[in-house]
Amino acid sequence: MQEAWLRLRRVLDPGSIRDLGAWLTTTVSRLALDALGSARARRERYVGPWLPEPLVSDLGGSDPANRVTLDESVSMALLVVLERLSPAERTSFLLHDVFGMSFAEVAGVVGRSPAAVRQLASRARQHVDGGAPRFPPTRAQQEELVTAFAAACAGGDLEGLVALLDPGVVWRADGGGKVTATRPVARGADEVARWLLSFMRRPPILVRMASVNGSPGLVVRDGGGVLTVVAFTVDRGRITALDAIRNPDKLTALPEAGPAQAGPRGRLARRRPARVRTAGRGAGKAPGWR
């Protein structure tokens, strides 16, 4: 956006631009397309799985009328799928399906024919539809599920945890090479549940429920002081994906992103594991991650 504005300022005669909106849309889109290409090259050198930077806020902190749009447009499931698309597929899909541009207009941005752009958008749409939950939960249902998930982990309840997970559930963790990725990828309800319970043998020093990309998720500081944001994807009442962002470069906006409280000799102060907290409710009914 800034670069597009600077380019507009450098135009000697702004009045020569017949359609300012179209000029700006095309300029920003082409700059974004270039950025996508360079980002893909950087991620080829990235250590471990790459996940988008999470959008974290307090539960209930936004207007419910606006939250529906937010949930759909920035859900972790959608962003993960978009990252798998080629830059041309992603640009074609977003400009046509989201911003309503015609295929002829999009063709001028990506440098392809309108027919080719139509195919690009179609392929992208298939990937997006395939990665989206068919029966997503209500906000209240997901909040209840996240609380039950924390309680099962806290109590070491393997059977209860497996019951919350879809048989094909996927766990992805992004440490970026900066921190341990805590098992970068795990698949299957039994494998993911057993690994989670093994990892939680060392209790965290902070657990709170928050809105992560528009839906209830968790913010955790583990016993080693590493901050983690966990996003949940839910379909048909079960958790189908758990995305854990641990790379500290992606969590700088969180209030907990500062250094963990230090105890004697510089070690982390150990506290009793907190109960799962939700906005405006104090401690939740579920026990802490013990």
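Setting aside neighbours within four places in sequence, Asp174 is in contact (heavy atoms within 4.5 Å) with Tyr46, Pro49, Trp50, Leu51, Ala244, Ile245, Arg246, Asn247 and Lys250. This is a predicted model: local features need pLDDT of at least 70, side-chain atom pairs count only at pLDDT 80 or more, and totals for chains, interfaces and linings use all residues. Residues are numbered from 1 along each chain as its sequence is written, and side-chain values use heavy atoms, leaving out hydrogens and water.

**Asp174**
- Asp174 lies in strand E2. Strands (E, at least two residues) and helices (H or I, at least four) are DSSP runs, numbered from the N terminus.
- Asp174 has a relative accessible area of 0%, so it counts as buried. Buried means under 20% relative accessible area, exposed over 50%, and partly exposed in between (1.4 Å probe, protein chains only).
- The Asp174 side chain reaches the backbone nitrogen of Leu51 at 2.9 Å.

**Nonpolar cores**
- The largest nonpolar core has 31 residues. Such a core is a set of buried Ala, Val, Leu, Ile, Met, Phe, Trp, Tyr and Cys residues joined through side-chain atoms within 4.5 Å.
- Helix H10 (189-199) is among the elements that each supply at least two residues of this core. H10 gives the most, with six residues.
- Phe149 and Leu242 have the most contacts inside the core.
- A second, separate core has 12 residues, including Ala210, Val212, Ala231 and Ile245.

**Helices H5 and H6**
- Two packed helices are described by the angle between their axes and the distance between the axes.
- H5 (residues 87-98) and H6 (residues 103-110) pack at about 145°, with axes 10 Å apart. Axes are lines fitted to C-alpha atoms, for helices over the stretch in contact, and angles run from 0 to 180 degrees between N-to-C directions.
- H5 supplies Thr91, Ser92, Leu95 and His96 to the contact, and H6 supplies Phe103, Val106, Val109 and Val110.

**Positive phi in two loops**
- Arg183 is not a glycine, yet has a positive phi of about 65°. Arg183 sits in the loop between strand E2 (165-174) and strand E3 (185-187).
- Arg183 has 36% relative accessibility, so it counts as partly exposed.
- Asn213, also not a glycine, has a positive phi of about 55°. Asn213 is in the loop between strand E4 (206-212) and strand E5 (215-221).
- Asn213 has 1% relative accessibility, so it counts as buried.

Technical notes:
A polar contact is a pair of N or O atoms within 3.5 Å; within protein, one must be able to donate a hydrogen and the other to accept it, and residues adjacent in sequence count only if both atoms are side-chain atoms.
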